[in-house]
Amino acid sequence: MTICHLPLLLPKFNSLAQIVKDISLAKEYLDSGELVAIPTETVYGLAAKGTSAKALVKIFEAKGRPINNPLILHFKDLESVTPFVTTITEEIRRLASQFWPGPLTLLLPKAEKVPDMVTAGSNRVAVRVPNHPVTLELLKSLDYPLAAPSANPSGYISPTRPEHVDTQLGEKIRLILDGGACTSGIESTILGWENGTPIIYRKGVITVEQIGEVLGKRLQFKNKSKVLEAPGMLSSHYAPNTRTLATDQLKETVGIHQDKRMGLLSFSKPTGLKVEREIVLTQKGSLEEMAKNLYAAMHELDALGLQIIIIEKAPDQGIGKAINDRLLRSSTTK
Ligand code: TXA
Ligand code: MG
């Protein structure tokens, strides 16, 4: 027993979580079955010991996440994934050596030791090796993987900075491990196999084309299906509280809503349109930079109590496809 367990038992004087850089403190919390928000290159994750049902249940409670929505397990390397899956094929090895550590999640046949709560009863488990120095060091200090969904209330915008986690979940968790701003900014690409055929379930900064090139195949993208393979495919997800519209017809859309208090996220240059607040997502016209800045800008506008947020769609190429996928989901039902 170390002194670090003591604070867990004390009442919280302040409703917000502690934001720390102390990796060993994060390990203490996780070892004792507590939640810790962790940085990754994509978005912040809400992590718990991936082998403990008691710890895992806290993730669902804190996020208000439906229990049928499975979790990604995070590992330090491919070798440590091996006991948690039934096979490591040649294709998996190739993808891992090309993209791990990095923003690629693989859906693989699960081994018995993976708790059902991780997979929501499915026979596949989602695994990835995140590319963030702080979390990699943390993972190396643990003898179990970390289950971690994005550290936001279910359905809301993912966090890309520690303050986002604190604002959204600070009253529900005790510790946020500070790894600065996430560098990729949108969630990992998810890839699985059906009857030996690789399929993309969620687009990300690693593109369908890049994966196709490594596998020497053209890949399919599965957007919707009768079975809910990945709730990230749900039509309303990644959504601000403020009504949000994604469009490539900025001028017209702003015109239609000019009677409202409006926020605008424009792609690469100021539009000159009359709105209450405009944020330009990338001065350089870089899709990578747009992805990196998108969620932080959405968080910022959502905090202003506006009546509508209008977002300019990205050019529909490369990472732009993943960005537009998120924009579509954040605006569909609002
Ligand atoms: O970049 C990311 O992937 C971030 C960071 C923290 O790693 N995580 C993340 O987790 O986005 P989450 O839970 O917000 O999104 C993961 C998606 C969910 O839509 C979930 O339903 C799907 O992956 N998923 C997880 N395990 C699955 C499984 N066994 N079968 C099908 N879908 C699965
Ligand atoms: Mg999420």
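Here is a short chat about the chain's overall build and its cores.

Tutor: Quick note before we start: this is a predicted model, where local features need pLDDT of at least 70 and side-chain atom pairs count only at pLDDT 80 or more, while totals for chains, interfaces and linings use all residues. Residues are numbered from 1 along each chain as its sequence is written, and side-chain values use heavy atoms, with hydrogens and water left out.

Student: How much of the chain counts as buried?

Tutor: Buried means under 20% relative accessible area (1.4 Å probe, protein chains only), and 56% of the 334 residues pass.

Student: Why is something called a nonpolar core?

Tutor: Because it is a set of buried Ala, Val, Leu, Ile, Met, Phe, Trp, Tyr and Cys residues joined through side-chain atoms within 4.5 Å. The largest one here has 49 residues, and Leu 95, Leu 106 and Ile 211 have the most contacts inside it. A second, separate core of 27 residues includes Leu 294 and Ile 311.

Student: Which residues does Leu 106 touch?

Tutor: Contact means heavy atoms within 4.5 Å. Leaving out residues up to four places away in sequence, Leu 106 touches several, including Ile 92, Trp 100 and Trp 193.

Note on methods: Chains are lettered from A and ligands numbered from 1 in the order in which they are written. Buried means under 20% relative accessible area, exposed over 50%, partly exposed in between (1.4 Å probe, protein chains only).
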